[in-house]
Each structure stands twice: as C-alpha cells, then as structure tokens.
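Work through the exercises below with the sequence and the model open. Each task is followed by a solution in steps.

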Amino acid sequence: MALPQAWRGRLSLPAIAAPMFLISTPDLVVECCRAGVIGAFPALNQRTTAGFEAWLEEIETRLKGRPAAPHAVNLVVHRSNARLSADLEVAVRRRVPLVVTSLGIEAEVVAAVQEAGGLVFHDVTSRRFAERAIAAGVDGLIAVAHGAGGHAGALNPFALLAELRGIFDGPIALGGAISTGAQVAAACLAGADLAYIGTRFIPAPESSALPGHRDMILAGQAEDVALSPAVSGVPANFLRASLAAAGIDPDAGEPPAERNFGTTGNLKPWRDIWAAGQGVGAIRAAAPAAEICAELARDHRRALAAAEARLADLRPA
Ligand SMILES: Cc1cc2nc3c(=O)[nH]c(=O)nc-3n(C[C@H](O)[C@H](O)[C@H](O)COP(=O)(O)O)c2cc1C
C-alpha cells in the first residue's frame with residue numbers, strides 16, 4: 001500500500017469519488033468525505049473563481065471537526081482554461097488537501113500546491129503522459145483506463161497499471177468502469193492503491209445530473225456507451241442515445257476545429273450530451289451517496305475476505 005500517510009485511518013474504502021463536470025456538488029463531496037471516500041469536484045463547476053471559493057468554504061465548514069476523508073479539487077491545466085491561475089491561487093490559499101490535475105501538467109502548478117502542504121494527483125492515459133507527470137513532480141497518478149466515463153484512455157486497465165507500476169512507486173488510483181466494491185478490491189490487487197469512481201455516483205440525489213442522464217445510466221448497458229471526440233476534441237465516453245439526440249453519429253463523431261476543455265463554448269455539450277463509463281450495467285438503483293459508499297465498503301471487505309478463501313482451492317505452489 002502506498003496511501004499517503006496523512007490519509008491513513010481516514011478512509012472506509014480506498015477510493016476517490018471522481019470529479020465530474022456539471023455533476024459534482026458540495027453535497028456530493030461532503031457526503032462522500034463523511035462516509036470515508038475522498039470527494040472531489042471540478043473548480044469549473046462554479047461559473048466564477050469567487051463561486052469556486054464559496055463552495056470550498058462550504059465544504060470545509062461542513063467537514064470541520066468530524067471524522068472525514070480529505071476533499072479534492074480538479075483543475076484543468078489547459079490553455080483553454082482561462083481561470084487556471086485564479087483557481088490555483090484559491091486552492092493553494094485554502095490548502096486543499098488534494099488537487100487532481102487533468103488535460104495538461106505544469107511543474108509550477110504542482111510546486112504551488114505542494115508548498116501549501118497539498119498533494120497533486122495527475123490524470124494519465126498512457127506511460128508517456130505518466131512520465132511527464134512524474135517529471136513535473138506529482139505525488140500520485142490517476143490511471144484512466146479504457147471504458148472510463150468522460151475523457152478516457154485506450155488501454156486495458158491491467159496493461160496500463162502494470163506499465164505505470166514499472167516507473168512509479170507512489171500512489172496510483174485506477175479509473176474506468178469501476179462500479180462495485182469487489183472491483184475496487186480487484187483494482188488494488190492488480191497494483192492500484194485507490195479506485196477512481198465517477199459514473200457510479202451520477203444517479204445519487206446529491207449530484208446535479210439531469211433526470212434524463214440519471215435514467216439513462218440506470219437503464220444502460222456497456223454497449224450504450226460510445227467513445228466520441230465530438231465534444232471536446234479528445235475521445236470521451238458518452239451515452240449513445242444522448243449523442244444521437246444532439247445530432248452526432250455515436251460511431252463517427254467529428255472532433256471540433258479546436259480542442260476546448262475550458263469555460264467557453266462547451267458548457268452546453270456536456271449538459272446536453274451525457275458522459276458515462278462502461279460500468280453503467282452494474283448501476284441499478286439511485287441511492288444517496290452515503291449509501292453508495294457504505295455498500296461499496298461492505299462489498300470491498302467481503303471481496304477481500306473471499307479472495308483469501310480462494311487460496312484454499314489451489315494446490316500448494
Ligand atoms: C459526467 C462526467 C463528467 C466528467 N468531468 C470531468 C472533469 O470535469 N474533469 C476530470 O478530470 N474528469 C472528468 N470526468 C472523468 C472522471 O473524473 C473519471 O475519470 C471517470 O468518471 C472514471 O470512470 P467511470 O466514470 O467509469 O467511473 C468526468 C466523467 C463523467 C462521467
């Protein structure tokens with residue numbers, strides 16, 4: 001286990017409730033943290049830096065003085081994000097325990113967070129991106145594998161984890177279609193320290209997902225998810241029916257002329273075209289976040305106990 005020292009004894013499950021654009025709310029973050037799962041939200045879920053700071057303040061106040069997992073903020077490190085330096089200043093000043101960087105990495109961003117005592121985990125989809133993140137001094141990697149909701153990698157999770165483990169011995173979170181506690185256990189047995197779980201939390205009442213998005217996830221199967229570059233320019237997993245409803249062929253969507261991950265222009269697509277990972281088939285009920293976390297933690301413990309029992313079926317090596 002390579003969980004950061006400061007987190008030991010604070011988690012009920014080795015997992016991060018992943019940040020989701022237009023979905024994660026302070027309620028979702030607070031409920032996950034109280035339940036012992038790291039809660040995260042993208043800074044861009046608020047329309048202004050002042051709004052972002054107000055959310056952080058609310059989360060800090062509601063978590064203060066109670067046993068809770070650390071909270072996390074996602075910063076998009078790409079030139080289309082005009083708010084990066086202002087949002088970074090807020091995250092540093094408020095000493096956010098974990099900053100998740102995505103869609104770009106800069107050593108200055110990493111250093112600024114670390115100087116304030118925070119940790120930086122960076123989203124990667126390949127060994128090449130991981131090498132860049134390690135060179136920039138990140139504390140942890142988030143391996144975003146094939147089948148993840150939103151921007152997803154092309155690599156099988158076992159292959160990606162093994163390659164990253166070969167070059168990095170710090171904490172690695174594995175993301176992509178993880179919907180159950182047994183899958184969290186499997187991720188950790190395969191070399192991850194944490195699971196990174198997004199789609200599983202979309203139907204929770206604390207998320208700000210639209211009703212149609214929730215319903216499509218509860219009714220969906222893996223085949224209902226398609227990888228399309230049409231929204232931001234980078235391949236991302238969306239629910240097929242929502243792409244089709246927006247006039248985009250789920251199997252042949254064209255990327256826009258310019259990549260855009262920021263606040264301009266692309267708000268509507270992520271609101272009307274619904275991201276989800278291939279793990280939708282295992283999500284059948286819209287439980288509150290605390291119940292989801294408790295169920296995942298129970299299932300995780302059971303799976304670990306069962307894994308030990310399987311040894312009895314094998315002949316001695
Ligand atoms: C609706 C949705 C919105 C997302 N928005 C963001 C985002 O703003 N920033 C980010 O770094 N990742 C974003 N992601 C990716 C998640 O943080 C995470 O990598 C992914 O959900 C993990 O895969 P899973 O959904 O299969 O569990 C988003 C994912 C979804 C499903």
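## Exercise 1: a salt bridge between helices

In this predicted model, Glu 53 and Arg 93 form a salt bridge whose closest N and O atoms are 2.8 Å apart.

Solution. 
Step 1. Glu 53 belongs to helix 2 (residues 49-63) and Arg 93 to helix 3 (residues 84-93). The two are 40 residues apart, and the pair links distant parts of the chain.
Step 2. Glu 53 has a relative accessible area of 17%. Buried means under 20%, so Glu 53 is buried.
Step 3. Arg 93 has 45% relative accessibility and counts as partly exposed, because that class lies between 20% and 50%.

## Exercise 2: a salt bridge to a loop

Describe the surroundings of the salt bridge between Arg 240 and Asp 251.

Solution. 
Step 1. The N to O distance is 3.1 Å.
Step 2. Arg 240 lies in helix 9 (residues 240-245), while Asp 251 lies in the loop between helix 9 and helix 10 (267-272). They are 11 residues apart.
Step 3. Arg 240 is partly exposed at 27% relative accessibility, whereas Asp 251 is exposed at 59%.
Step 4. As for shared partners, salt bridges join Glu 53, Glu 60, Glu 89, Arg 93 and Arg 94 into one network. The structure holds 13 salt bridges.

## Exercise 3: the ligand site

Which residues are closest to the ligand, and which polar contacts does the ligand make, including those of its nitrogen atoms?

Solution. 
Step 1. The ligand is surrounded by 22 residues, the closest being Pro 19, Phe 21, Asn 74, Ala 177 and Thr 199.
Step 2. By class, this shell has 12 nonpolar, 9 polar and 1 charged residues.
Step 3. A ligand nitrogen is 2.8 Å from a polar backbone atom of Phe 21. A nitrogen atom of the ligand is also 2.8 Å from a side-chain N or O atom of Asn 74. An oxygen atom of the ligand is 3.2 Å from an N or O atom in the side chain of Ser 102.
Step 4. The ligand taken alone exposes 610 Å², and the protein buries 94% of that.

How values were computed. Residues are numbered from 1 along each chain as its sequence is written. This is a predicted model: local features need pLDDT of at least 70, side-chain atom pairs count only at pLDDT 80 or more; totals for chains, interfaces and linings use all residues. Side-chain values use heavy atoms; hydrogens and water are left out. A residue is near a molecule or strand if one of its heavy atoms lies within 4 Å of it. A polar contact is a pair of N or O atoms within 3.5 Å; within protein, one must be able to donate a hydrogen and the other to accept it, and residues adjacent in sequence count only if both atoms are side-chain atoms. Accessible areas come from the Shrake-Rupley method with a 1.4 Å probe; for residues, only the protein chains shown count as cover. Ala, Val, Leu, Ile, Met, Phe, Trp, Tyr, Cys and Pro count as nonpolar, Asp, Glu, Lys and Arg as charged, and the others, Gly among them, as polar. A salt bridge is a side-chain nitrogen of Lys or Arg within 4 Å of a carboxyl oxygen of Asp or Glu. Helices (H or I, at least four residues) and strands (E, at least two) are DSSP runs, numbered from the N terminus. Buried means under 20% relative accessible area, exposed over 50%, partly exposed in between (1.4 Å probe, protein chains only).
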